[in-house]
Amino acid sequence: MEDRKTKYYPPNWATKWFLWFCHADFAEDILGDLEEEYQFHEPAVSKLMADFWFVRQVAGMMRPSLIKPFLPFLKLNNKLDMIKNYIKIGLRNLTKYKVSTAINLLGLSTGMAAFILIALFVKDELSYDRNHEHADEIFRITIKNFSGDGETLSRHWAFASAGHGPRIKEDFPEVTHATRFFPWAFPDVIYGDKRLPGEQVVFADPDVFDIFTFPFLQGNKESAFSNETSMVISEDAAIRIFGNDWREQDIVGKNVKIEARGAGLSLQITGVMENMPRQQHFHFDYLAPFAIYENFVNNPDAINNVTGNYNYLTYVRLNDAEAATAVEAGGDTFFDKHIADIRGVKAHNYYGLALQPLTNIHLTSNISGEIENNGSLSQVVIFSVIGILLIVVACINYMNLATSRYTRRMKEIGVRKSIGASRGSLISQFLTESVILTLISFPLAVGLATIALPSVNAFMDKQLSINFLQDFGLFLSVFGLLALVAMLAGIYPAIYLSGLDTIRSLKGESTFRTGKVNFRSVLVTFQYVVTIAIIFSLAVLNAQMGFIFNSDPGFDKESVLDVSLSNDIYGKKDAFRNELLANQNIIHATFVSRIPTGNLLDSQGASIFLGDSLTPVNFRLPYIVADENFITTYGIEMAAGNDFERYMDSDSIGYFIVNEAAAKAMGFPSAEDAINRSMNYGGTDGKIIGVMKDFHFESLHSEIGPMIMVKNDNYRRISLKINPVNLSETIAFVEQTWAKFDQKNTINYNFVDESFENQYQGEERLSTMFKAFAVLAVLISCLGMLGMVTFIVERKTKEIGIRKVLGAKSPHIVWLVSQNFIWLISVSALVALPIGYYFMSGWLDTFAYQVTISPVLFVVPILAVVLITLLTILYRTIKAVYINPVKYLRSE
Amino acid sequence: MNNYQLGEFEEVVLLTVAILNDDAYGVNIKQEIEMRMKRKVSTGAMQTALRRMEAKGYLASEFGEATAVRGGKRKRYFKITPFGVKALEHYKETRMSLWDAIPGAVFDLKVSGR
């Protein structure tokens, strides 16, 4: 075949395309063939057709045996060999520098363990109440009480009145469903000859199953409340009543009896629900139709009440989550419609509606009468921050230690570079080391976390678990954490060390800038900031807790026993008290409605005669009911006037004792002026007979406000001042006496000083957990400091040697090493203390009575840090100082 | 026993290369096959067959000299190797033995059936 002259050219792009994919060995001749053949086509047909032919031929060439080998696959093989090498070298380095490996492992694994625990806790806290299908549309109705001006909040109740739920559903078209929960009377549940005393049977409206998603194990939500004697029970309750084999017993349709206050009722079990998940802000085991309770009470007024008796946990489901604001805004009209004007003022000046989104209740709601202890958002935030800080500090440790090893590895890096290692492969080498270390520390971290988990659970009252198989999300996030830690810790040393100057590093010269400000100093400063801020916060926390426990609450809380009265005892309470007082170890006994360390009862309408006119009291004036022994039992001091007396019970007029705050708020210049003033409280006319000195009825979170003590016989409990000497005998006596008067109910008592401390349980918990994590953070920081000091001392060995030869004394040399740190600490303190102060004063603001942040609290963290640093420096420099300088000078 | 793996098309290409002797390069081979076998040949399929047979050792190749024609691109001349010849012979023999094994009656039947 003779060659033809090339006259025509195929499309350029097709040629390029062909060259792009075709194997280089074949490209030239195949392309030549194609172009040659192209010439046959061109003259015969149009150029377009020839081009089309060419392109088709090129496309036909895309066959596995003709195209280029896929590059990444080829490179991978090479990479795998390199990675094997990285791992080998990495492991060698880790075993060679045992101390820094140990420090790093310790830091990373404790940091990660703490992080895992905190993550579990935070995840658990954030997952509350999200298991309901309509969670976003469910709101809790809470009631605000105002002091008659529509603004001053006197109390915010988590519960509503009986009438609120149904009426709100009626009045607001946005509200599609409403239910009340009312745990009434704690009846005994009886099945056959089995009797479960005091079960929490909760009465709810039929809407309950359309609002909340309670999955049924047996029965279904449609038939759950099919008639007025239905009852749905949880799996737990089923086990309690019918035993572990309840599933075999066909229990749906069986009748159980509930019995309370002498009345009994037979209810038919219509369904068994799954136990309510732990991450829910209420837990009920028995749900029965509200109608049962309505029929039982048979008092329309009580059932339709909208003005108090806040005992009905009320939830609504809206047609749209956005409608909540509209419903809240409609609250004014709602109250004005259903409640007549109060003392000439529209009702909305006294009452307000607030709708809480279901999913926010656990973390953000902490109002009067929460059904269970709620979590706290600030706690979640604080722990999250600490968790992240711990990880960051551990990573910084790694960075510091890895870079501080540079003197030992300079030659290695130089040799690698001169042989031809690219910067990329050096970076891979260092990253591999951090990955190996992270991978080793991970099982350690999980082990540590698993060991610590039971105590964390017990302490935080949680049931967290580490189960990677069941919780794939946890697995993924931990994996992400690992990758993040390895990158975070490894990337800086990798970039830093790979950037060393080849020739100088081979010569053994330092190629680092010796200036004061570099990235490493920033890292160390950050560690110091964290350490100082944490120690400072801890100091403030401790000071405030000490302040609370040592401050005088204004009443005597030691050896006072508080016993709640049952209905049986209430009927013969005087006999009960007299019987108790017969024991010599019981010094005083007083009947009260509420005890100090609890909440005061709600404010009632009050007015007082000032001069000749009756002036309404326009501030919140909550009350307690107490008898004539209250003041002596609790050791409260009187500012003026007299205590109650016995006869006042049966008197037709009221007798009141107010506290100094109330007297002052009423406008009396001194306590004496308030005595014998006439006043009206809660509809009872009477006079003030005494003024007591202020004492902390409620916790130190709130300021001592005005309060009033009234005398009637609506008591709920008895407080006993007992002799601490024969404590257990006395308690046994109280229990016996109780059993004599009431055989049905068991006694329920607690010590007032314990309840006093329980008021600050949240803070106690916070402070203990905080302490644990703070110790960890400081420990990890110290490890990092050790690494940093080692680095500096190593860098300065020659300088130290020369100085020693020239006659420098040891203190000078210590100072030489320390000065850099002192400088860093000062900068850190300047940053850390304001931050710490900002956060801690925010926390202190939750207390009405706060410890003043004294200068000592600022100095302590700095001193602590300086001391730790100096000790570390001493430990490291002593070696450098006492070695013969010749040893490290002669090598040059 | 059978070490020679050759597809039908590969066999055709291999035979064509043998026919063309010293002048076997892409365009020529293609035209030769198209002419003799009276069928269209896809360049891609043919090139694939050539490269695969080269990899198997049935063919060897070398570049010709660069010429101004073909845009200066060299031709690749293919040559059958002794191994390739052996393979062809093997295939021919097996075919023949198959032909020989057919009983005469088969074709007779066909003829008579017409």
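Visitor: Is the crossing where α20(A) passes α30(A) right-handed or left-handed?

Guide: Keep in mind that this is a predicted model. Helix α20 spans residues 519–550 of chain A and helix α30 spans residues 810–844 of chain A, and their axes come within 7 Å, crossing at roughly 35 degrees. As for the sense in which α20(A) passes α30(A), the crossing is right-handed.

Visitor: And by class, how many polar residues does the contact of α20(A) with α30(A) have?

Guide: Start with the other classes: the contact of α20(A) with α30(A) has 18 nonpolar residues and no charged residues. That leaves the polar class, and its count is six.

Visitor: What about α15(A) and α20(A), at what angle do their axes cross?

Guide: Helix α15 covers residues 377–404 of chain A, and its axis comes within 10 Å of that of α20(A). The crossing of α15(A) and α20(A) is left-handed. The angle between the axes is roughly 145 degrees.

Visitor: Which residues of α20(A) make that contact with α15(A)?

Guide: From α15(A), the contributors are L389(A), V393(A), I396(A), M399(A), N400(A) and T403(A). By class, the contact of α15(A) with α20(A) has eight nonpolar, three polar and one charged residues. On the α20(A) side, the residues are R520(A), L523(A), V524(A), F526(A), Q527(A) and V530(A).

Visitor: Zooming out, what percentage of the residues in chain A is buried?

Guide: Chain A has 32 helices and 25 strands. Of its contacts with a separation of 6 or more, 81% are between residues 24 or more positions apart. Out of 892 residues in chain A, the buried part is 39%.

Visitor: Over in chain B, why is K56(B) classed as partly exposed?

Guide: K56(B) belongs to helix α3, residues 43–56 of chain B. Y4(B) is 52 residues from K56(B) in sequence, yet 9.3 Å away in space, C-alpha to C-alpha. Buried takes 20 or more other C-beta atoms within 10 Å, exposed takes 12 or fewer, and partly exposed lies in between. K56(B) falls in that middle band because its number of other C-beta atoms within 10 Å is 16.

Visitor: Last one: where does the largest share of the side of chain A that touches chain B come from?

Guide: Here 22 residues of chain A are in contact with 18 residues of chain B. On the chain A side, α2 (24–44) and α3 (47–60) each supply at least two residues. By class, that side has seven nonpolar, five polar and ten charged residues. The largest share, eleven residues, comes from α2(A).

Terms used:
Residues numbered from 1 in each chain as written. Chains lettered and ligands numbered in written order. Predicted model: local features only at pLDDT ≥ 70, side-chain atom pairs only at ≥ 80, totals over all residues. Contact = placed C-beta atoms within 7 Å. Helix = DSSP H or I, 4+ residues; strand = E, 2+ residues; numbered from the N terminus. Nonpolar A, V, L, I, M, F, W, Y, C, P; charged D, E, K, R; others polar. Axes fitted to C-alpha atoms, helices over the stretch in contact; angles between N-to-C directions. Left-handed = near helix turned anticlockwise from the far one by under 90°.
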